[in-house]
Amino acid sequence: MTITPRDITRRQLLARVGLTALVAGPFLSACATGGGGSQEAAPSAAAPSAGGASASANNPFNVKADAPLEVVIFKGGYSDEYATQSHEPLYKKAFPGATIKHQGIQTIGQTLTPRFAGGDVPDVVNNSGTDNLDGGALINAGQLLDLTPLFEAPSVDDPTKKVKDVIVPGTIESGLGGDPAKPYTLNYVYTAYGLWYDAKLFEKEGWTPPKTFDEFKTFAEAAKAKNIVPFGYAGKNASYYAYWMILISAAKIGGNKILLDIDNLADNAWNNDAVKQAAAAWAEIGKYMDPAYEGLIHTEVQTQQNQGKVAFYPSGSWLEAEQAKDTPEGFEYAMVPTPSVTAADQMPYEAIRAAAAEGFIVPSKAKNAAGGLEYLRQMLSKQGARDFTEKTKSLTVVIGATEGLTLSPGLTSVAAAQTAAGTNVVTFSSFEGWYKELETELRKQTNALMFGRISAEEFATKMQEAADKTKADESIIKQTRNV
Amino acid sequence: MRRGRLTPGAVRKWGFIASFLAAPLAIYIIFFVSPNLQALQLALTNSRGISPDFQYVGFENFTRLFGDEVFWAAVRHHGLILLVMPLVTIVIALFFSFLLNLGGGQRNGQLTGVWGSSFYKVVFFFPQVLAVVIVGVLFQAVLNPQKSGILNSVLGWFGVDPVGWLIKPDLALWTIIGVMVWQGVGFYVVLFSAGMAGVPKEIFEAAALDGANRFTLFFKITLPLVWNTVQVGWVYLGIAAFDAFALVQVLSIDRGGPDNATTVLPLEIFRQTFTYYRFGYASAMGVALVFLVLTFAALTLRVTRRERIEY
């Protein structure tokens, strides 16, 4: 089996049917099993804890200053130094009397499941990794705290701003779960999706990334003349990289509503002109691709880009780190948004698809739940976010937290794209995780479209058929989202 | 409470037999019979495999199968593989094993294989030593659709444009069949060689003395004498034709693509189970697959039945 960012084991899948996001496709599973009503209403964290001081901007959750805090961090790709060396000291600075018990482990699920069953739970959990907790099941069992108070609380750096205003739009939505949907998960790592290229190559050739599809075609001709494939993706195992681009373009043309309709299986969602226009625009670019790319896997195409044979590659902000070992000297990753399709696009060129991943949860039965919320609030401070980026080479959902940091070229361009996009964020697609049958069909039809076997019109028709089939299938549990 | 038949002698005798049978039978029942029965049971439910709660839905999963175009595509592919792969493999394997054992003409009054046959015997068996997945990975490089692919670069020397072995929907399944044949031939060469070695040499020599040429020797003497072995090989290969999972999983575009062109039932079962969490429906597919295999095996054994030649 070839390894793709989303190739995961059955075990992982079982664990992830719940709510934790995948690195390459966050939000896949926001609340796949959250269909039923929750058995127990999660207690509100806003309730003042007994004997606590009154709420203030510095202590919005009435944390008892000397209450011990227990933090469990997934010690994986990001390690846990960001917690032990930054976030926990930040908490201690705010509450010098508190003792912090830290645990950095990999088997979050196995270790914590018995503790949830026994009611002796930590105060903050970084629920991630292969063996993570089934978030959906925890939500249904009333084990997770509704994080709304956190997002409504004043932020650490500027008490006049609420936490929800200092984080990237879409972050809260990405952590929704349960029915009615509430934010139970704080997804902390920021992932942006767009077209990746070698800034040095473009500089050398005197090219600028195209802002419209007309420019894209002109560019494609220029690249072709230089024997460089203007745009390429790996059809064998990563066709979803290409359908992300089509969906982004569709959203830019018709707004995020297009993607919400697709997620909600709305009638004729795929037959919308925006989808057809997006598919047609990308199919035009697909014509410049080497047909052999349909038979390659993502690492092969990524390596070809490193060798200067491919100009643009569709991917997310993990790409630079993923390729770090293979990137030659003088290759400088950069990301740009997808070009605009029409002059009447509802979203500007600068809009990017961005999503948050790497979930943090606060158990509802935690002894120091207020402290858990406060810990998350400290994480979302500029200092906490900056330290995280420095230690893990990944951006966080905190806006403007990278000021004064020396970022890698790729991250710099992602940060720039994030700033330029502002609130113009293309939403994620939940159907990828909700309706796997539909997603499988989309992969198939994306290859057929991009390698010229079907037209954009047929693409829309076939996807609509698949969506209708999913909708009519009573054995598939339906989900909806409004944001 | 003694019964007449249960004499100490009988106890000893049956106890002896039972003690030998118990362990393998238990293993067989636990690991083969019971999972199969459970699959049959699951096929009648809407189980999703992640919760102990499920309902019995009768034959709904099976009626669903009839309307599932991917299922029928997979069945058609099995049909094609079944028609082509065993036949080609057996023909090639018979040809090779004849050459290796009898094709070299007479030497010192004995029929021998072609020159270097002991070396070829080892080489032909190589693919059998490799795990299927390794074969798949190997052929990823061989069939790479770019100019730099091993097969395509060889073709390039003759001015042939790169061929998309696995990316052309019309070609992809044939390519997979080709890999299956490549992988299978070695084993059947060895199998048929053993069959031919079991035939007394005098028969061949007598035929040769009577002036039989190599064609006659092969079709009139060798083939009838190793027919039993061929028949066994046919059943093995036929059952293999209902598998092909690993090769398709590793080699095909998008697992079973492009456009379902290479998908096979085990792959769809895998997808239904581990991607869609439809354990019930996947089990129904599994049951359908079992019946296909059983039907094939029964039919083959019946159709190819011949009188056994004693020697």
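Two rings of Phe, Tyr or Trp are counted as an aromatic pair if their centres lie within 6.5 Å; planes over 60 degrees apart make the pair edge-to-face. By this rule, the predicted model holds 49 aromatic pairs over all chains.

**Figure 1. The rings of Phe202(A) and Phe312(A) form an edge-to-face pair.** A pair of aromatic rings is described by the distance of the centres and the angle of the planes. For Phe202(A) and Phe312(A), these values are 5.1 Å and 65°. Phe202(A) belongs to helix α8 (residues 199-205) of chain A, and Phe312(A) to strand β8 (residues 310-316) of chain A, so the pair ties together parts that are 110 residues apart in sequence.

**Figure 2. Trp207(A) and Phe219(A) form an edge-to-face pair.** The ring centres are 5.1 Å apart and the planes stand at 90°, so the pair counts as edge-to-face. Trp207(A) lies in the loop between α8 and α9 (213-225) of chain A, whereas Phe219(A) lies in helix α9 of chain A; the pair therefore ties together parts that are twelve residues apart in sequence. Trp207(A) has a relative accessible area of 13% and is buried. Phe219(A), at 6% relative accessibility, is buried as well.

**Figure 3. An aromatic cluster in chain A includes the residues of both pairs above.** Phe202(A), Phe312(A), Trp207(A) and Phe219(A) are among the members of one aromatic cluster. Other members include Tyr197(A), Phe213(A), Phe216(A), Phe231(A), Tyr233(A), Trp282(A) and Phe451(A).

**Figure 4. The charged end of Arg353(A) sits over the ring of Tyr193(A).** The distance from this charged end to the centre of the ring is 4.5 Å.

**Figure 5. Arg64(B) takes part in a salt bridge with Asp473(A).** The closest N and O atoms of this salt bridge are 2.6 Å apart. The charged end of Arg64(B) also sits over the ring of Tyr281(B), 5.0 Å from the ring centre. Between chain B and chain A, the count is four salt bridges. In this interface, 26 residues of chain B are in contact with 28 residues of chain A. The area buried between the two chains is about 2400 Å², and carbon and sulfur atoms give 51% of this area.

**Figure 6. Confidence in chain B is lowest in strand β1 and highest in helix α3.** The mean pLDDT is 65 in strand β1 (residues 106-107) of chain B and 92 in helix α3 (residues 69-101) of chain B. Chain B averages 86, and 92% of the residues score at least 70. Where pLDDT is low, the predicted coordinates should not be read in detail.

Terms used
Residues are numbered from 1 along each chain as its sequence is written. Chains are lettered from A and ligands numbered from 1 in the order in which they are written. This is a predicted model: local features need pLDDT of at least 70, side-chain atom pairs count only at pLDDT 80 or more; totals for chains, interfaces and linings use all residues. Side-chain values use heavy atoms; hydrogens and water are left out. pLDDT is the predictor's confidence in each residue, from 0 to 100. Helices (H or I, at least four residues) and strands (E, at least two) are DSSP runs, numbered from the N terminus. Rings of Phe, Tyr and Trp (its six-membered ring) pair if their centres lie within 6.5 Å; planes under 30 degrees apart count as stacked, over 60 as edge-to-face and the rest as tilted. Buried means under 20% relative accessible area, exposed over 50%, partly exposed in between (1.4 Å probe, protein chains only). A charge sits over a ring if NZ of Lys or CZ of Arg is within 6 Å of the ring centre and within 35 degrees of the ring normal. Contact means heavy atoms within 4.5 Å. Buried area is the accessible area (1.4 Å probe) that two parts lose on being put together, summed over both. A salt bridge is a side-chain nitrogen of Lys or Arg within 4 Å of a carboxyl oxygen of Asp or Glu.
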